[in-house]
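Please take a look at the structure below, and let us walk through it together.

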Amino acid sequence: MAGGMDLGGGKGKKSLDVAINLTPFIDLMAVTISFLIMTAVWTQIGRLQVAQAGGPSTDEEQKQEEQTKTVQLTLFVTPTELKLVADQSEFPSIEAKRGANGKLDLAPLLARFKELKSQFPDQSSITLQTEDKVHYEDLVRIIDQCIGAGLPQVSVSAIMG
């Protein structure tokens, strides 16, 4: 055949009709989809509800703060100490001691929070300023203590300066 194309079937030639096995591809897709679904569920469970610190507040927020007796509460967290500052007054530093189990002892911090809540019962927000060397587990435990002490609006930022 002049100018034609031989599509196989001749002597010694392979046929172009090949069956592609899709079973391995379907297995791979099923496993991938299951991992994607599990990852989406775990990222929702492990999420902490915190706000970003900083930024100017609106006029409505300033008026609301004036009506309730609150202070700008900041907790400076370093690997060696915890320092609580309410507006311009500083509380004595709390040494970051570790218990026998290796976890940070937060009992003095909880006592300080109770003292603060007795002075400012309307206080519901706190800003945590942490150094980079603070362990994530310690930060999460401190956030839990803040929420448990009646300070549910927790903002987290890095120490400036």
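This is a predicted model: local features need pLDDT of at least 70, side-chain atom pairs count only at pLDDT 80 or more; totals for chains, interfaces and linings use all residues.

Residues are numbered from 1 along each chain as its sequence is written, and side-chain values use heavy atoms, with hydrogens and water left out.

Let us begin with the overall plan. The protein chain has four helices and seven strands; these are DSSP runs numbered from the N terminus, with helices (H or I) of at least four residues and strands (E) of at least two. Along the sequence, the pattern reads α-β-α-β-β-β-β-α-β-α-β. Of the 161 residues in the protein chain, 24% are buried, where buried means under 20% relative accessible area, with a 1.4 Å probe and protein chains only.

Now look for the inside. The largest nonpolar core has 26 residues; such a core is a set of buried Ala, Val, Leu, Ile, Met, Phe, Trp, Tyr and Cys residues joined through side-chain atoms within 4.5 Å. Leu75, Phe113, Ile126, Leu128 and Ile142 have the most contacts inside this core. Two or more residues come from each of E2, E3, H3, E6 and H4, and H4 gives the most, with four residues. Phenylalanine 113 touches Leu75, Leu84, Ile126, Gln145, Cys146, Ala149 and Leu151, not counting residues up to four places away in sequence; contact here means heavy atoms within 4.5 Å.

Helix H4 deserves a visit of its own. H4 covers residues 136-148, and its buried residues are Asp138, Leu139, Val140, Ile142, Ile143 and Cys146. What covers these buried residues includes strands E2, E3, E6 and E7 and helix H3. Just after H4, glycine 150 takes a positive phi of about 90 degrees.

Next, find isoleucine 94, which sits in strand E5 (residues 94-95). Is isoleucine 94 buried or exposed? Isoleucine 94 counts as buried because its relative accessibility is 6%. Leaving aside neighbours within four places in sequence, isoleucine 94 is in contact with Thr80, Glu81, Leu82, Pro108, Leu109 and Arg112. The C-alpha atoms of isoleucine 94 and proline 108 are separated by 7.1 Å, though these residues lie 14 residues apart along the chain.

The accessible surface of the protein chain comes to about 12000 Å², of which 56% belongs to carbon and sulfur atoms; accessible areas come from the Shrake-Rupley method with a 1.4 Å probe, and for residues only the protein chains shown count as cover.

How values were computed: The expected span of a helix is 1.5 Å times one less than its number of residues. Buried means under 20% relative accessible area, exposed over 50%, partly exposed in between (1.4 Å probe, protein chains only).
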